[in-house]
Amino acid sequence: MESQEHALDHEALLRMAIDESRKARDGGNHPFASILVGPDGKVLMTQHNAYMPDHDMTGHAERVLMTRASTTYPPELLRECTIYTSAEPCAMCAGAIYWTGLARVVYGLTEKALKQITGDHPENPTLDLPCRTVFDAGQRQVEVIGPLLSEEAAQVHDGAWD
């Protein structure tokens with residue numbers, strides 16, 4: 001796994017996810033996005049938050065991306081993939097990442113910081129539960145890298161939850 005880590009530019013790929021979260025917000029959705037990256041560093045899929053248009057409270061970018069990935073790619077490939085996500089995966093999304101079988105998560109903004117930003121907004125009742133806690137309850141290891149680029153990830157949320 002170490003050789004893969006050195007091959008991936010975590011900050012550049014995370015910046016891509018953060019940029020996608022801006023696009024999600026510009027498109028009328030919540031400012032979250034994730035990208036799935038293969039072991040060679042190639043972006044395999046991108047996913048914006050999918051709350052709109054149906055007000056799907058489970059339409060988190062990571063969860064939707066994991067559904068798409070697990071129905072598109074073989075488990076052997078997914079075991080070598082990394083998800084880059086603008087904010088730390090919530091418990092639901094961490095579960096989806098675990099069940100999909102990914103090797104690694106790289107995230108920007110922590111759940112704790114997100115909760116401070118969103119407050120008690122009804123469209124984002126943030127769970128302040130670190131994804132590491134969810135993964136630690138599992139039977140296999142999921143590497144977690146983050147928080148990274150927290151300030152950049154937080155900027156996308158400026159004014160989004162007022």
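**Leu149 in the loop between β5 and α8.** This is a predicted model, in which local features need pLDDT of at least 70 and side-chain atom pairs count only at pLDDT 80 or more, while totals for chains, interfaces and linings use all residues. Residues are numbered from 1 along each chain as its sequence is written, and side-chain values use heavy atoms, with hydrogens and water left out. Phi of Leu149 is near 50°, a positive value in a residue that is not glycine. Leu149 is also buried, with a relative accessible area of 16%, where buried means under 20%, exposed means over 50% and partly exposed lies in between, for a 1.4 Å probe and protein chains only. Pro147 has its place in this loop too, between β5 (143–145) and α8, and the peptide bond that reaches Pro147 from Gly146 is cis, with omega near 5°. Most residues other than glycine have a negative phi, and most peptide bonds are trans.

**Pro53 and His55 in the loop between β2 and α3.** A cis peptide bond joins Met52 to Pro53, and its omega is about 10°. Is His55 buried, partly exposed or exposed? His55 has 45% relative accessibility, so this residue counts as partly exposed.

**Val156 and the residues that touch it.** Val156 belongs to the segment that comes after α8 (150–155). Its relative accessibility is 5%, and therefore Val156 counts as buried. Which residues are in contact with Val156, once its neighbours within four places in sequence are left aside? They are Ile18, Ser21, Arg22, Arg25 and Pro31, contact meaning heavy atoms within 4.5 Å. Arg22 and Val156 are 134 residues apart along the chain, yet a separation of 6.0 Å is found between their C-alpha atoms.

**Lys23 in helix α2.** Helix α2 covers residues 10–26, and Lys23 is found in this helix. With 42% relative accessibility, Lys23 counts as partly exposed. Its C-alpha atom is separated by 8.6 Å from that of Ala33, which is 10 residues apart from Lys23 along the chain.

**The buried residues of helix α3.** In helix α3, which spans residues 61–70, the buried residues are Ala61, Glu62, Val64, Leu65, Met66 and Ala69. What covers these buried residues of α3? The cover includes the strands β1 (33–37), β2 (43–48) and β3 (82–87), together with α4 (75–78) and α5.

**Cys90 and the largest pocket.** Cys90 lies in the loop between β3 and α5, and at 9% relative accessibility this residue counts as buried. Apart from its neighbours within four places in sequence, Cys90 is in contact with His60 and Glu111. Trp161 is 71 residues apart from Cys90 in sequence, and the two are 18 Å apart in space, C-alpha to C-alpha. Cys90 is also one of the residues that lie nearest the centre of the largest pocket, along with Met57, His60, Met92 and Asn124, and 22 residues line this pocket in total. Here a pocket is an open set of points, on a 1 Å grid over the protein atoms alone, where a 1.4 Å probe fits and protein lies on both sides within 12 Å along at least five of seven lines; lining residues have an atom within 4 Å of a point. Two elements, α5 (91–100) and α6 (111–118), each give two or more residues to the lining of the largest pocket.

**The setting of these views: the chain with its 8 helices and 5 strands.** Along the sequence, the elements follow the pattern α-α-β-β-α-α-β-α-β-α-α-β-α. The radius of gyration of the chain is 14 Å, close to the 15 Å that the globule rule gives for 162 residues, so the chain is as compact as a globular protein of that length; the radius is taken over C-alpha atoms, and the rule is 2.2 Å times the number of residues to the power 0.38. Taken along the principal axes, the box that the C-alpha atoms fill is roughly 45 × 30 × 25 Å. Of the 162 residues in the chain, 48% are buried. Among contacts with a separation of 6 or more, 64% are between residues 24 or more positions apart.

Terms used. Helices (H or I, at least four residues) and strands (E, at least two) are DSSP runs, numbered from the N terminus.
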